[in-house]
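Please keep the structure in view while reading.

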Amino acid sequence: MRAFLKGAIAALGLAALVAAAPAEAQEKLKVGFVYVGPVGDFGWTYQHELGRRAMQEALGDKVESTYVENVPEGPDAERVIEGLVRSGHKLIFTTSFGFMEATVKVAQRNPEVKFEHATGYKRLPNLATYAGRFYQGRYISGQIAAKMSKTGVVGYIGSFPIPEVVSGINAFMLGTQSIRPDMKVKIVWVNSWFDPGKEGDAAKALLDQGADIIAQHTDSPAAMQVAAERGALAFGQDSDMIKFGPNTQLTSIINDWSGYYIDRVNAALNGTWESTDVWGGLDSGILKMAPYTNMPDDVKAMAEATQKSIHDGTYKVFTGPITKQDGTLAAQAGEVLPDPAILGMNWYIQGVDEKAPN
Amino acid sequence: MNLLEPAILTIITAATPLLLAAIGELVTERSGVLNLGVEGMMAMGAACAFAIAITTDSTALGIAGGVAAGTALAALFALMTLGFAANQVACGLALTILGLGLSGLIGADFVGARRDPMPKLEIPGLSDIPFIGPVLFGQDAFVYASVVLVAGVWWFLFHTRAGLTLRAVGDNHVSAHALGSKVLKVRLAAVLFGGACSGLAGAYLSLAYTPFWVKGMTAGRGWIALAIVVFSSWLPWRLMVGAYLFGSVSILQLYAQGAGIGLPSQLMSSLPYLATILVLVAIAGTRARARAPACLGVPFVPDR
């Protein structure tokens with residue numbers, strides 16, 4: 001049995017390499033993308049793929065781009081990235097946190113090739129990093145939820161208790177508390193990035209227990225559909241999910257990588273590419289908010305005002321006073337949490353009814 | 001706030017895909033064939049059902065397409081394992097990989113499309129009874145079909161001559177062959193039935209449970225169905241208990257999290273697996289130990 005499994009895994013790795021097989025090119029810049037999921041996931045990977053397509057369309061005959069999907073985070077990733085280098089790719093985007101070590105290793109071996117790693121923190125002269133400040137959108141969502149909720153309870157579906165998700169919950173809570181300090185958020189973890197059935201069931205469990213708005217940090221539109229069926233309200237994730245809940249979606253946090261990819265590939269073409277560290281929010285266009293729908297005009301105006309103040313930098317989401325669950329101060333009044341504190345966040349703010357992950 | 005009724009309704013929808021896939025695999029295994037490709041057949045069923053339902057705008061045709069897709073993959077499996085007597089474990093794993101990959105290809109154009117969920121079949125009068133009405137008489141067609149299938153399989157296996165033949169083929173194919181049973185034909189029928197059920201389970205996922213298509217939406221349910229077959233000792237009613245038990249615990253842990261029970265969510269997420277194994281092992285111990293079909297996974301090559 002073990003031998004068969006090994007064989008199956010090897011076959012998968014091989015299949016991934018075959019998918020990256022080179023096509024003949026004439027003087028075009030070859031750009032490679034490494035995806036952790038399938039392009040058909042309608043979530044994280046799908047948004048990167050839309051970005052790649054937009055880049056290809058914008059730069060047309062100057063660029064030839066390839067992608068490899070379903071690449072496991074581990075030794076296989078290194079082989080896939082190396083394979084892209086061997087087949088002549090000069091700029092390679094690796095789009096999942098778990099590709100960090102693999103990308104670093106291949107980048108060290110191939111200094112003439114440029115690399116970009118999403119959501120990581122290790123950089124080299126030929127390795128840049130980029131990520132999105134999606135928590136900004138969650139703060140706006142929190143404010144909307146506080147205005148729109150009748151029961152005062154919001155259901156929040158989490159994937160895994162990791163810093164990115166935890167900081168998202170805190171940002172959401174700060175948003176609700178800025179409007180209505182007694183708001184309650186019920187959190188259900190599905191412990192999966194991708195199990196639509198379970199996400200839908202989690203939404204049902206939350207709605208049955210008094211929540212009337214669903215927020216999610218998972219990828220599929222299942223929760224949106226459940227909320228629509230029950231006549232509740234919900235926030236989308238990754239892409240605009242308005243189709244799945246025309247009378248349900250309040251807004252959606254959209255990951256839009258197209259502008260970033262166009263800029264970076266252009267920079268590589270012009271010879272102005274540098275190893276940078278971009279953590280872009282609303283101002284960069286990486287984070288976009290879907291139109292504010294299914295809410296009265298005053299709530300919409302409030303959301304737009306908040307979006308504007310975050311966009312032009314006059315308001316920072318993690319501005320003190322921020323009190324942790326145990327009552328200690330994380331940030332003094334007026335103090336803004338530094339980026340490393342947000343990236344490594346493993347504590348909840350006061351008001352979150354959930355034990356912090358360790 | 002009465003949570004019992006909504007929780008039960010959610011449990012039924014979560015258990016149904018497991019039950020549908022598992023009852024088909026039970027018949028396949030009873031005939032002596034181990035098909036580990038349930039996950040792949042489910043994925044294909046889900047993709048084809050959704051694709052056809054969207055293009056023809058007909059749920060019925062979608063379901064038929066899902067069943068056909070599952071059956072087609074099963075036929076391929078039958079060709080390899082029955083026709084060429086290839087290793088069933090290897091072919092089953094290959095079938096899963098093939099099914100998941102192919103489903104992505106077929107579904108690629110349907111990512112992001114939406115459909116309304118299947119309507120519930122309500123029985124006038126009965127559906128209005130408090131509690132019992134919505135739980136027993138307010139479900140969609142798949143739920144009723146899953147129960148009918150379990151009853152039908154039980155009746156077929158233990159109360160018909162054909163069922164007896166099928167079990168004989170699974171327990172001792174040499175003797176069954178000597179007695180004149182068409183071993184490979186019986187197994188072919190059982191494998192195709194298993195594929196059809198897996199396809200139906202897939203159709204349920206993409207048409208009723210979460211009515212949209214994304215690659216990998218089966219999320220391991222095929223493997224859980226396989227495990228339930230084993231832990232149910234290949235008995236239909238016990239299999240139903242297993243599927244509902246797994247569904248119950250996986251749903252109740254979500255409700256428990258929502259209620260703010262202070263247990264780590266990772267532990268809660270593993271509870272369905274623990275509980276199902278414990279309970280099924282416990283009931284397996286109470287009666288004469290039911291055993292696996294003796295020829296499970298053994299290829300049969302007629303000697304003439």
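**The sheet and the chain contact**

Tyr156(A) has Ile187(A), in β7(A), as its bridge partner. The model is predicted: local features need pLDDT of at least 70 and side-chain atom pairs count only at pLDDT 80 or more, while totals for chains, interfaces and linings use all residues. Residues are numbered from 1 along each chain as its sequence is written, and chains are lettered from A and ligands numbered from 1 in the order in which they are written.

Strand β6 of chain A, residues 153-158, runs parallel to β7(A) and is joined to β7(A) by six bridges. Strands are DSSP runs of E with at least two residues, helices are runs of H or I with at least four, and both are numbered from the N terminus; two strands pair if DSSP finds at least two bridges between them.

In chain A, six strands make up an open sheet with mixed pairing, in the order β7-β6-β8-β9-β10-β12. At its edges lie β7 and β12 (287-289) of chain A, each of which pairs on one side only. On average, neighbouring strands of this sheet are turned by 20° against each other, direction ignored.

Helix α6 of chain A (residues 163-179) packs on the sheet and touches β6, β7 and β8 (213-216) of chain A. The direction of α6(A) makes about 165° with that of β6(A). Axes here are lines fitted to C-alpha atoms, for helices over the stretch in contact, and angles run from 0 to 180 degrees between N-to-C directions; residues are in contact if their C-beta atoms, placed from the backbone, lie within 7 Å.

The contact between the chains takes 36 residues from chain A and 38 residues from chain B. On the side of chain A that touches chain B, α1 (2-19), β7 (184-189), α7 (196-208) and α8 (222-230) of chain A each supply at least two residues. The largest share of this side, nine residues, comes from α7(A).

Technical notes. Two residues are in contact if their C-beta atoms, placed from the backbone, lie within 7 Å.
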